Amino acid sequence: MRKFLIVLAALLLISAPVFADDEDDEEYYEDEYAEEEVDEIEQLEVEKASYEAAAEKARAAAELIQGQIDSVSEFKRQLDAEAAEATADYEAKQATLDETLYRIGENETKLAEVTAELNAKHAVLEQRVRDIYINGQISYLDVLFGAQDFGDFLTRMDLLKRVIIRDSELVADVLAYQTEIKEVGEQLEADRRVQEEQALQAEEAKNLKLDKAAKQQALIDLMENDKDVYNRQYDEMMASSAEVARLIQAKEEERRRQAEAEAARRRQAELEAQRLAQLQAQQEAAATGNIVLVEGDDDLYDDGGYVMQSYGGGMIWPISGPITSEFGWRTHPIFGSQRFHSGLDIGGDYGLPVHAAASGTVIESGWIGGYGNTIMIDHGGGIVTLYGHNESLAVGVGQYVNQGDVVAYCGSTGNSTGPHCHFEVRLGGEPVSPWDYL
């Protein structure tokens with residue numbers, strides 16, 4: 001047995017440089033990959049910054065256009081007020097013109113009536129003239145001297161006076177009617193010309209104001225459309241920036257996971273190197289006789305073996321059963337990914353007693369995440385053992401147990417595919433191979 005261990009140590013020493021070279025190559029490629037990841041993230045950062053800069057430009061342009069819209073809108077508001085005022089002025093002038101046209105219509109009606117009356121009076125005069133022409137010229141004296149007596153004379157004189165007055169009134173009335181009709185007609189015609197001109201000017205002013213207001217509204221609509229375009233560009237640029245930010249976060253998360261995996265791999269490599277160094281030291285010590293290697297107790301486990309006396313007594317197997325999963329990297333039976341297995345899985349039946357591998361104080365007794373029901377025992381010197389996936393626990397925190405005492409009963413709690421004991425040995429808090437202590 002001792003010769004076998006010496007040969008094994010020699011082989012480990014021979015293979016150590018090769019392991020170091022492989023590790024150096026892996027570190028080189030990992031560092032190069034990490035640099036590529038950093039470059040890609042930096043490129044994404046630049047792309048994100050460019051999207052944000054473009055979005056800022058679009059936002060500034062939209063704000064500038066909004067300022068212009070506000071200015072034009074104020075100007076249009078003034079034009080609308082002026083257009084409303086011009087429309088009111090036009091409507092007032094048009095109403096005055098309509099009133100004048102109405103009065104012209106009334107005057108024309110009156111003119112027609114006066115003309116008819118004038119024609120009637122002309123007919124009376126014409127009849128009198130016709131009578132005088134037919135009957136001959138009769139002077140006023142002939143009428144007076146033809147009186148039979150003085151009374152008849154007075155009567156005739158009164159009648160002549162009335163005829164003369166009536167004829168004078170008739171002529172005066174005709175002349176007055178003619179003058180009135182002409183004056184009213186001329187005034188109304190003058191009013192019509194002035195009012196038509198004013199109404200035309202008011203309509204032109206109104207149309208001009210309305211046209212300006214319509215053009216300003218068209219300009220506002222155009223600027224609103226431009227602003228909407230810039231707002232859409234801003235939204236698109238910010239959405240692209242958010243997408244790039246998501247990619248950056250994903251890359252950083254991936255890099256973090258890779259860094260954690262690399263740290264775990266290096267830690268495992270260091271632990272493996274430490275284990276190999278310890279094993280070599282133990283083998284050298286065994287070769288010189290400083291540490292005694294003894295055969296294991298067949299009553300504690302079925303397949304025999306040896307225990308190493310190193311800190312007041314070697315550890316014993318917590319349960320008797322086959323090794324279903326070794327210490328180190330493996331494909332996880334539940335998650336299907338490569339994960340570091342920090343202990344030994346020892347197969348057993350439900351309820352099988354689990355023994356303390358060495359004497360010590362219980363520092364944990366309860367549920368620990370994926371370990372399920374777990375016992376942890378502090379053996380001193382920085383060495384702690386852990387027993388996981390138990391069906392039930394037999395000891396409590398603070399309790400001192402001796403090597404071989406029942407501390408739990410085998411089960412399949414936590415992340416487990418069947419009943420077994422997950423057995424760990426930790427040195428200074430870090431998992432080490434249990435094989436070095438069994």
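Buried here means under 20% relative accessible area, exposed means over 50%, and partly exposed is in between (1.4 Å probe, protein chains only). This is a predicted model, where local features need pLDDT of at least 70, side-chain atom pairs count only at pLDDT 80 or more, and totals for chains, interfaces and linings use all residues. Residues are numbered from 1 along each chain as its sequence is written, and side-chain values use heavy atoms, with hydrogens and water left out.

**View 1. K227 sits in helix α3 (residues 150-288).** Helices (H or I, at least four residues) and strands (E, at least two) are DSSP runs numbered from the N terminus. With a relative accessible area of 16%, K227 counts as buried. Contact means heavy atoms within 4.5 Å, and leaving aside residues up to four places away in sequence, K227 touches A62, I65, Q66 and I69.

**View 2. Strand β14 (residues 420-427) is mostly covered.** Of its 8 residues, 6 are buried. Strands pair if DSSP finds at least two bridges between them. β14 pairs antiparallel with β6 (residues 344-347) over 4 bridges, and I346 stands opposite C421 there. Another antiparallel pairing, with 6 bridges, links β14 to β10 (residues 383-390); here V384 has R426 as its bridge partner.

**View 3. β14 meets β15 (residues 430-432) in a hairpin.** The two run antiparallel, joined by 3 bridges, and R426 faces P431 across the pairing. Between the strands lie 2 residues, and G428 takes a positive phi near 65 degrees in this hairpin.
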